[in-house]
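Me: I've just opened this one and I'd like to learn how to read it. Can you walk me through it?

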Amino acid sequence: MAIVIFFIAAAMAVAGGIGVISFRQPIRSVLSLVVVMIALSVLFLLLSAQFIFVAQVIVYAGAVMVLFLFVIALLGPAKEIAKSRLRFQASLSALFVLALFGLLWAMLQGVTYRQPDKTVDMSIFGTVQSIGLGLFTKFLYPFELTSLLLLVAAIGAIYLSRKEGDDR
Amino acid sequence: MLESYVPLLIFVLIVLGLVGALVTLSFVLGPSRPSKRKMAPYESGIIPDTPAQRRISVRFYLTAMLFIIFDVEAIFFYPWAVLLRQLKWFGLIEMLVFMGILGIALAHIWRKGGLDWE
């Protein structure tokens, strides 16, 4: 059952990825990217990573994609559609893809899978409870620092979007 | 482990099936007799003289950025809410500190007029 779901989700992710690079209208590319994100979230769920599943759906498929759509809308229709196809980049990208797959193949040759630590309770591994316990006890300090990071982001967002000569 | 997600799968399938069925049915059963007047953007309205697509205000982008910031904040509430009883007061105070720092962010945004549209 899991393997069937894996292949459906993986096929969706690959199809979405092809859509991202082959649609000529950027809006369609972004919507294809949403499909990729949703398919990846299913893969995370298959790995029993519940929290990453939720984060993937809410933050990536939701918020980040909204940002992408807004960037496209900001650029305006004139710059939206590519005038000409890229020429020499196709052969160049084929070269890079070959190199990447060669690298992946070479790495997979030497992979040894670690046996899971016997002391770790595998029944709750990756669940929201175990992530939360780690986040709110052992990694308490980084968690609080995250809020500082978000504060910096908020200040930066306000600064970037102010008007020219507006020194509020 | 995987069996516990079967209701979610059924839910997704029902949603997709329902939406697909509604779209297909309205496409198949609905009469389609387009005429020039019907296909106008505003039927019996003013004929637009500029393209509908144009550059939108950067203010939308600010809204999107602020949305992401508080969306990331909200995602942390999920494991916290699950563990609230287990963490007791410690978890509550921890989250209050977290929210306090983001409260400063909200106050800053508010004061600088990030929430006003003008």
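Me: Let's start where the chains meet. How many residues does the contact take from chain A and from chain B?

Reply: Keep in mind that this is a predicted model. The contact draws on 47 residues of chain A and 47 residues of chain B.

Me: And how do I put a size on that? What is the area buried between chain A and chain B?

Reply: An interface's size is often quoted as the accessible area lost when the parts come together. Here about 4500 Å² is buried between chain A and chain B, and carbon and sulfur atoms give 79% of that.

Me: Which helices of chain A supply at least two residues each to the side that touches chain B?

Reply: Those are H2 (26-46), H3 (50-75), H4 (77-80), H6 (128-138) and H7 (140-160) of chain A. H3(A) gives the most to that side, with 16 residues. Sorted by class, the side of chain A that touches chain B holds 34 nonpolar, nine polar and four charged residues.

Me: What about charges and polar atoms? How many salt bridges are there across the interface of chain A and chain B?

Reply: Zero salt bridges turn up across it. As for polar contact, two residue pairs are counted between chain A and chain B, both at pLDDT 80 or more.

Me: Now the inside. Which residues of the largest nonpolar core touch the most other members?

Reply: That core has 43 residues, and the ones touching the most other members are Phe136(A), Phe143(A), Ile75(B), Phe76(B), Met95(B) and Phe98(B). Helices H2, H3, H6 and H7 of chain A, along with H2 (59-111) of chain B, each supply at least two residues of the core. H2(B) gives the most to this core, with 18 residues.

Me: Let me zoom in on one of them. What is Met95(B) in contact with, leaving aside neighbours within four places in sequence?

Reply: From chain A, Met95(B) meets Phe136(A) and Phe143(A); from chain B, Phe76(B), Phe77(B) and Trp80(B).

Me: Phe136(A) again! Which residues of H6(A) are buried?

Reply: Val128(A), Gly132(A), Gly134(A), Leu135(A) and Phe136(A) are buried in H6(A). The buried residues of that helix pack against H3 and H7 of chain A and H2 of chain B.

Key. Residues are numbered from 1 along each chain as its sequence is written. Chains are lettered from A and ligands numbered from 1 in the order in which they are written. This is a predicted model: local features need pLDDT of at least 70, side-chain atom pairs count only at pLDDT 80 or more; totals for chains, interfaces and linings use all residues. Side-chain values use heavy atoms; hydrogens and water are left out. Contact means heavy atoms within 4.5 Å. Buried area is the accessible area (1.4 Å probe) that two parts lose on being put together, summed over both. A salt bridge is a side-chain nitrogen of Lys or Arg within 4 Å of a carboxyl oxygen of Asp or Glu. A polar contact is a pair of N or O atoms within 3.5 Å; within protein, one must be able to donate a hydrogen and the other to accept it, and residues adjacent in sequence count only if both atoms are side-chain atoms. Helices (H or I, at least four residues) and strands (E, at least two) are DSSP runs, numbered from the N terminus. Ala, Val, Leu, Ile, Met, Phe, Trp, Tyr, Cys and Pro count as nonpolar, Asp, Glu, Lys and Arg as charged, and the others, Gly among them, as polar. A nonpolar core is a set of buried Ala, Val, Leu, Ile, Met, Phe, Trp, Tyr and Cys residues joined through side-chain atoms within 4.5 Å. Buried means under 20% relative accessible area, exposed over 50%, partly exposed in between (1.4 Å probe, protein chains only).
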